[in-house]
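Take a look at the model below. This report covers a metal site, a pocket and a loop residue.

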Amino acid sequence: MKSMAPDILVAPSLLAADFGRLAEEATAVAAAGADWLHLDIMDGHFVPNISFGPLVLRALRDRVGLPFDVHLMITPTDPYIAAFADAGADQIIVHAEAGYHLHRSLQAVRTAGKRAGVALNPATSIEAIGHVLDLIDLVTVMTVNPGFGGQKFLVSQLEKITALRRMIDASGRVIRIEVDGGVDVATAPAAIAAGADVLVAGTSVFDSPDYRGAIAALRGLSVGEIR
Ligand code: DX5
Ligand code: ZN
């Protein structure tokens, strides 16, 4: 049955998966209806945690048939863009706060032939990207302070999403808004109502015993409506 749900994409964050079985976990969410796989790259410097790098992406690339949505929480960013592109990223998200030259970073992502995203920390205004919309396919609104999974959704970011949706629509460009951090069935509806159309979900998917049900529930579907 064709779903009447809006075009909401779900991107499970591998950060919440069992790290001893990464390929299996990624394959499982792909089979359970995920649209993208969200990969959180942390350097212990820009954020107070360390995750994994391009070698892990490369190892997963041939085994997982989902677009790789790569969220770089590293500084400097630019020296590593080519490595993540070569390792199998489909889109690369850089943080607006990670360097002085956001425009240059986005150019580097586009030059590498990848879709480009910008992530905004909770304290960062949407004005940070007002003059680079021509280089962006995606904006990631952080609804937690980046660095860890399992944190509480920051309701204060909803008005940012609303303003961002307005800015994007006024520009006439097709740019997705991804919401990242604390997204679950309780918080997703407000994010979607504000204008988000990509839901990153770590804990709420991987801590569930039923990945398919968890992904469908985020989209606002009941199990009977799963596509
Ligand atoms: C946080 C990461 C998120 C994280 C989300 O720095 O960017 O992608 O994995 O995890 P949950 O969904 O558990 O908040
Ligand atoms: Zn992320």
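A donor is an N, O or S atom within 2.8 Å of the metal. The model is predicted. In sequence, the residues that donate to the zinc ion (ligand 2) follow the spacing H-x1-D-x30-H-x108-D. Those protein donors are His38 (NE2), Asp40 (OD), His71 (ND1) and Asp180 (OD), and they lie 2.0 to 2.3 Å from the zinc ion (ligand 2).

How are the donor atoms around the zinc ion (ligand 2) arranged? The arrangement is octahedral, because the six donor atoms subtend angles of 70 to 169°.

Next comes burial. Buried means under 20% relative accessible area. His38 has 0%, so this residue counts as buried. Asp40, with 4%, is buried too.

| Residue | Relative accessible area | Class |
|---|---|---|
| His38 | 0% | buried |
| Asp40 | 4% | buried |
| Gln157 | 4% | buried |

Where does Gln157 sit? Gln157 is in the loop that runs between strand E6 (138-142) and helix H5 (158-171). Leaving out residues up to four places away in sequence, Gln157 touches Pro122, Val141, Met142 and Thr143.

Now the largest pocket. Its volume is about 380 Å³. It is lined by 27 residues, and the closest to its centre are Gly149, Gly150, Gly181, Gly182 and Thr203. By type, the lining of the largest pocket has 12 nonpolar, 11 polar and four charged residues. At least two lining residues come from each of strand E2 (37-42), strand E3 (68-73), strand E8 (198-201) and helix H7 (203-206).

Notes: Residues are numbered from 1 along each chain as its sequence is written. Chains are lettered from A and ligands numbered from 1 in the order in which they are written. This is a predicted model: local features need pLDDT of at least 70, side-chain atom pairs count only at pLDDT 80 or more; totals for chains, interfaces and linings use all residues. Side-chain values use heavy atoms; hydrogens and water are left out. Helices (H or I, at least four residues) and strands (E, at least two) are DSSP runs, numbered from the N terminus. Buried means under 20% relative accessible area, exposed over 50%, partly exposed in between (1.4 Å probe, protein chains only). Contact means heavy atoms within 4.5 Å. On a 1 Å grid over the protein atoms alone, a cavity is a set of points where a 1.4 Å probe fits but cannot get out, and a pocket is an open set with protein on both sides within 12 Å along at least five of seven lines; lining residues have an atom within 4 Å of a point. Grid points are joined across faces, edges and corners, and a volume is the space filled by probe spheres set on the points. Ala, Val, Leu, Ile, Met, Phe, Trp, Tyr, Cys and Pro count as nonpolar, Asp, Glu, Lys and Arg as charged, and the others, Gly among them, as polar. Donors are N, O and S atoms within 2.8 Å of the metal (3.2 Å for Na, K and Ca); water is not among the atoms, so sites may look incomplete. Four donors count as tetrahedral if all angles lie between 85 and 135 degrees; four count as square planar and six as octahedral if opposite donors are over 155 degrees apart and all others between 65 and 115; anything else is irregular.
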